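Subject: Structure for your files

Hello,

Here is the structure I said I would pass on, with the notes on it below. Please read them with the structure open.

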Amino acid sequence: MTQTLSAPPAKAVSKPAGRPRDGLSYSVYLIPSTVLFIGVILVPFVMNIGFSLTKWDGIGSPKWVGLDNYTKLLSDGAFWSSFAHNVALVIAMAIVPLLVGLVLASVLFDVIAKRFGPRTTAILRACIYLPQVLPFAVAGIVWAWILAPDNGALNAVLKAIGLKSLQEDWLGDPKLALYTVMGVLVWVQIGFPLVVFMAGLQRVDPSLYEAADIDGASWWRKFWYITIPQIRPEIYVVLLTCTVAAIKSFDKVFILTRGGPGGATNVPAYYSYQNFFEKTQVGYGAAIATVLTLIIVVVMAVLISRQNKAEEADS
Amino acid sequence: MSSISVKRGTSAAHRRTPGAWAVLLALAVLAVVMLLPFVIITFNAFKTPAEYSSHGPLSVPKGFYLQGIKDFWNRVDFGAKLVNSLIISGSVAVLAVILSVLNSYALGIGRIKGRVWILVLFLLANTMPQEVLVYPLYFLSKKVDLYDTRLSVIIIFTAIQTAFGTYLLSSVLSTFPREILEAARMDGAGRFRILWRVVVPISRPTLGVLFVFFFIWTWNEFFLPMIFLISNENQTVPVALGVLQGQKMMDATMTSASALLGIIPAVVFFLIFQRTLTRGITVGAVK
């Protein structure tokens, strides 16, 4: 009975005879999650692939169309531009925060903590980390209002300091909107790498730096030859989690721009939502979501294998 | 932290060169820029609409005008939204910690065969975009009469958070000292007893960290709760605020009031959990 319920794990321990001491009875602990995962993740995932092979408005009965939705995707300009925007979000949520976070973390750790004490360091770190704990729905409201064209705070500041000519419709101008969204995302994201890298720096052996000091190495040389190689595991963790999060972005776009103006900030996650619930083209939405999943899995596999190679090269 | 404070006492003040002060100043400016949006919101949440329209968004408020906040609170029944968010995030955090412990006991300590592949499956489940699950879940939840209930969201996020928790906790428990387990076994403790009386108490700090993560992540979720909680009385705080924002029905001061009400719980959690949180990020980073 337990064996049939916990199908995948039970298969994994298919030779209990060889290991009478362990094996079967531990896999009992996986049963509740197995049931939950089959219902909430596995079955819906397979159903979604099924939907993607049909034309369906969500109400009547789905009509089988084979791979039509996928071939339609290939020639859909809106789909391709949504992916280009996704690359911009990866830059704003992973690349820029990673680079800035590295410099900030080592400056805080090296200069501020050693000369101004841990309290000052903790306060500065908390200020920079704070946007991370806000629900983006809330941070988005704040920014949408600051960036509003008529009475927004940013335009009011520009007017107050005599730079009226720089006033813009930050989120409403198709040429600007994507850059504005990127700026907001950098503000949201930067605290995460900072905190992770600072934690990583604490396990670096201080004698490495002392030896470099004796050799008269400059701050940049120490940063490049000691700090970065030493916290490489953290750099990979940040790169992986931030990249995946950026590709999955939905709420940022939903709150700030709804993909607009004119699709200028649309991303695949939002595009699939539009097809599911606004255009009721369920089959097409499901195809977008499936491709999005595939891309995330590929990106993850590439990053993880690079990390493994780098670790092997090290040892 | 301790290693820093040890070094500090000796010559910290001597090394506060002009360069170091410049670095401190630059970081202080950055910190202010990071906080500026919060300050502007707080200013405008306490202004009367008349004061806002005559002095604009940047003036310091002349008094503590609370009517805007009260109006917004009553209009969206904010107290009920807070309760919904607390119920959902709390239940998910408790259930997901329990399931993560059970899974990791089998994978990290039991080391059952095929554990690497099972972990890969959990990791995949965690990285999947929610869009790939949303329509089937929407369809199924209507079939089983769970659509537009808080329970549906609790079940879904318990699965999603458990996927991450299992991945993290399994690697933590795989380094659990074998001697302790062996000693408990000698004393005649069964598997469940060892889990409950030995593994759980010793891992309590990590479990606390997981609880905090799950709670805050679930609290901040927007997409699936927006799809699944359509009626007013079931909505969470982010969903209520996000949906109102989309309707563009609020004036500037009420927008600020709503944002301030959304910020306050997050900052409160942040302050309560800060220690655990910083420690937890370390746990996650080192894997």
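Chain A has 16 helices and two strands in its secondary structure; helices here are DSSP runs of H or I with at least four residues, strands are runs of E with at least two, and both are numbered from the N terminus. The radius of gyration of chain A is 25 Å, well over the 20 Å that the globule rule gives for 315 residues, so chain A is more spread out than a compact globule. That radius is taken over C-alpha atoms, and the rule is 2.2 Å times the number of residues to the power 0.38.

On conventions: this is a predicted model, in which local features need pLDDT of at least 70 and side-chain atom pairs count only at pLDDT 80 or more, while totals for chains, interfaces and linings use all residues. Residues are numbered from 1 along each chain as its sequence is written, chains are lettered from A and ligands numbered from 1 in the order in which they are written, and side-chain values use heavy atoms, with hydrogens and water left out.

Chain A as a whole

The C-alpha trace of chain A spans about 65 × 65 × 30 Å along its principal axes. Of the 315 residues in chain A, 55% are buried (under 20% relative accessible area; exposed is over 50% and partly exposed is in between, with a 1.4 Å probe and protein chains only). Contact means heavy atoms within 4.5 Å. Among the contacts in chain A between residues at least 6 apart in sequence, 66% join residues at least 24 apart.

Chain A carries 24 positive and 19 negative side chains, and the centres of the two sets are 4 Å apart. Lys and Arg count as positive and Asp and Glu as negative, with His and the chain ends not counted; the charge is placed at NZ of Lys, CZ of Arg, CG of Asp or CD of Glu.

Domains

The bounds come from an automatic or database domain assignment. In chain A they are domain 1 (2-52) and domain 2 (77-314), with C-alpha centres 36 Å apart. Five residues of domain 1 of chain A are in contact with eight residues of domain 2 of chain A. Chain B is divided into domain 1 (12-69) and domain 2 (79-249), and the C-alpha centres of these two domains of chain B are separated by 37 Å.

Helix α15 of chain A

Helix α15 (residues 268-278) of chain A is mostly covered, with nine of its 11 residues buried. Among them are Y270(A), Y271(A), Y273(A) and F276(A). The cover comes from both chains: it includes α4 (31-52), α6 (77-133), α14 (251-256) and α16 (282-314) of chain A, together with α7 (131-143) and α12 (223-228) of chain B. After α15(A) comes T280(A), with a positive phi near 45 degrees.

Individual residues

R258(A) is not a glycine, yet its phi is positive, near 50 degrees. R258(A) sits in the loop between α14 and α15 of chain A and is partly exposed, at 36% relative accessible area.

R111(B), also not a glycine, has a positive phi of about 45 degrees. Its loop lies between α5 (78-109) and α6 (115-127) of chain B, and R111(B) is partly exposed at 31% relative accessibility.

N84(B) belongs to helix α5 of chain B and is buried, with a relative accessible area of 3%. Apart from neighbours within four places in sequence, N84(B) is in contact with R150(B), E233(B), N234(B) and Q235(B).

Regards
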